[in-house]
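Dear colleague,

Please find below the structure that I am handing over to you. My findings follow it, arranged by topic.

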Amino acid sequence: MPKYRFHVVGIRYHDYANNLEELYQKAEGKSMTMQLEEENPLEKNAVRVNMVSKFVGYVMSGKEREQAEELVRNERLSVRGSVVEIDREHRMITLEVNTTRELECKGIDRDNELREWKYDGRLLRQSDEEITLIDVINNLQMCAEQQEPYDENMESYLEFIADNLWRDAGVNTQCQLDEIVHLLTANSDVVKGYDKAAKRLLFIKADVNSPAKRQRQVDNLYELAKSSQMKKLIGSLGDKAMKVIDEIPVSLVQLFDSDPQEYVGRLWYLRCSYRQLRQLQTLMAMRIAMTRLNDKPVIEFDEILIGGEETFNNLGKAMESHYMNSTKNLALIYCVLRDNGLLVCDRKYHLFVQFLVERGLLPWINEKRIKGLSDSMSQYMRDRKDHNKIRRGFSEDYHEWEEGKERLFCEEVSMFFVNTYSK
């Protein structure tokens with residue numbers, strides 16, 4: 001892959017605004033990192049450039065910005081490059097990024113089941129901790145390259161890496177950590193504390209494969225399977241979702257089913273790229289979300305809801321705000337869906353509850369409790385004979401609800417779906 005050059009502009013508006021000369025002196029030949037700033041209110045997907053913890057500027061808009069955005073997305077969210085040119089007259093810095101770094105890593109096992117494997121579909125969005133981890137590792141390397149003193153900043157970098165390295169077992173990170181250890185060791189006679197930092201980093205790297213850290217990776221997969229991101233992803237794929245998870249290498253599926261901890265440990269030793277890890281993480285979490293104990297596929301959206309993903313997302317918000325572990329509340333939410341024509345078929349209480357469980361809206365309900373909860377819903381409905389009466393309040397024989405309180409409840413729930421059923 002080629003080297004890229006990017007012009008960094010806007011340097012007079014940020015952390016070096018009042019001392020550009022200091023920036024010019026520090027920056028020459030040094031490293032900087034590029035990362036996406038997706039929540040920038042003025043320019044979507046702006047690419048921000050930092051030098052250690054200082055905000056330098058942005059990659060120039062246009063074709064360079066598009067290339068930088070694609071590079072960051074395909075690499076590791078925070079890409080490191082070297083300053084090759086400083087233009088004082090135009091207040092601009094040129095950053096060169098070499099994307100062949102991964103290929104230079106020694107000891108990469110390229111004869112494995114992931115050598116030619118890739119998945120080009122949608123991926124789960126990275127957590128803030130994942131993004132910060134890569135940025136922190138880049139900052140630590142820049143500190144070591146510039147032989148900065150071992151201080152509280154470097155200590156905090158090591159602490160964060162120790163707590164979060166389990167999130168990224170990619171070969172890119174392994175190679176970069178080896179480089180940092182080499183830099184720290186080589187400069188240990190010059191900078192006090194570097195020898196200690198190098199030993200600690202080696203321990204952190206080895207500890208990633210401890211049982212406790214492996215279990216954190218497994219737990220994270222199950223959390224992702226229950227996440228709202230996963231619900232949206234599965235909903236967008238529809239009938240194709242089952243075909244997508246079949247793309248996971250069979251040997252890795254078998255290993256995960258027999259020993260999940262061994263599976264995540266294998267990924268470290270396979271030394272696959274960060275992007276491949278994200279792909280595998282997405283597909284395996286999707287598989288967890290879609291696989292039931294009896295190996296039957298989960299209930300599809302169009303079997304339960306009208307309005308697809310939008311209705312489901314609004315249902316999730318209504319459940320989060322109003323369910324409160326109450327069967328009565330769940331019955332009322334069901335009635336709001338039914339009365340507004342958002343249910344495929346009425347009186348499928350068991351199927352409805354099972355759907356909520358499988359999609360993560362009732363995560364603590366097990367298989368045995370599904371029937372009990374759905375039977376309770378059905379009983380509430382039968383007690384009122386005319387189902388529409390539940391919208392007007394229970395009779396005096398049932399003191400659980402007051403008519404005004406119930407009406408207000410249903411109106412509040414209905415507001416979540418107003419955009420869906422008004423179309």
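A residue is called buried here when its relative accessible area is under 20%, exposed when that value is over 50%, and partly exposed in between. Please also bear in mind that this is a predicted model.

Arginine 214

The cut-off applies directly to arginine 214, which counts as buried because its relative accessibility is 13%. This residue is found in helix α7. Setting aside neighbours within four places in sequence, arginine 214 is in contact with Val208, Asn209, Gln261, Glu262, Val264, Gly265 and Tyr269.

The chain overall

The protein chain has 423 residues, of which 50% count as buried. Its secondary structure comprises 17 helices and six strands. The accessible surface comes to about 21600 Å², and carbon and sulfur atoms account for 47% of it.

Glycine 360 and lysine 226 are separated by 134 residues in sequence, yet their C-alpha atoms are 5.0 Å apart in space. Glycine 360 lies in the loop between α15 (349-358) and α16 (367-383). With a relative accessibility of 15%, glycine 360 counts as buried.

Rolling a probe the size of a water molecule over the atoms shows where empty space is left. In this model, four cavities of 30 Å³ or more were counted. The second largest cavity holds about 220 Å³ of space. It is lined by 16 residues, and those closest to its centre are Arg167, Gln217, Leu267, Leu277 and Gln281. Two or more lining residues come from each of α7 (211-226), α11 (260-270) and α12 (274-290). Which element gives the largest share of the lining of the second largest cavity? That element is α12, with five residues. By residue class, the lining of this cavity divides into nine nonpolar, three polar and four charged residues.

Two positive phi angles

Most residues other than glycine have a negative phi. Glutamine 147 has a phi near 55°, a positive value in a residue other than glycine. The loop between α3 (128-145) and α4 (152-164) contains glutamine 147, and this residue counts as partly exposed because its relative accessibility is 36%. For asparagine 325, phi is likewise positive and near 55°, again in a residue other than glycine. Asparagine 325 lies in the loop between α13 (308-322) and α14 (327-339). Is asparagine 325 buried or exposed? At 69% relative accessibility, asparagine 325 counts as exposed.

A side-chain contact of asparagine 329

Asparagine 329 lies in helix α14. Its relative accessible area is 8%, so asparagine 329 is buried. The side chain of asparagine 329 reaches the backbone oxygen of tyrosine 323 at 3.1 Å.

With kind regards

Notes: Residues numbered from 1 in each chain as written. Predicted model: local features only at pLDDT ≥ 70, side-chain atom pairs only at ≥ 80, totals over all residues. Heavy atoms only, no water. Helix = DSSP H or I, 4+ residues; strand = E, 2+ residues; numbered from the N terminus. Buried < 20%, exposed > 50% of the residue type's maximum accessible area, 1.4 Å probe, protein only. 1 Å grid on protein atoms, 1.4 Å probe; cavity = no way out; pocket = protein on both sides within 12 Å on 5 of 7 lines; lining within 4 Å. Points joined across faces, edges and corners; volume = space filled by probe spheres on them. Nonpolar A, V, L, I, M, F, W, Y, C, P; charged D, E, K, R; others polar. Polar contact = N/O pair within 3.5 Å; in protein donor to acceptor, adjacent residues only side chain to side chain. Areas by Shrake-Rupley, 256 points an atom, 1.4 Å probe, with all protein chains shown as cover. Contact = heavy atoms within 4.5 Å.
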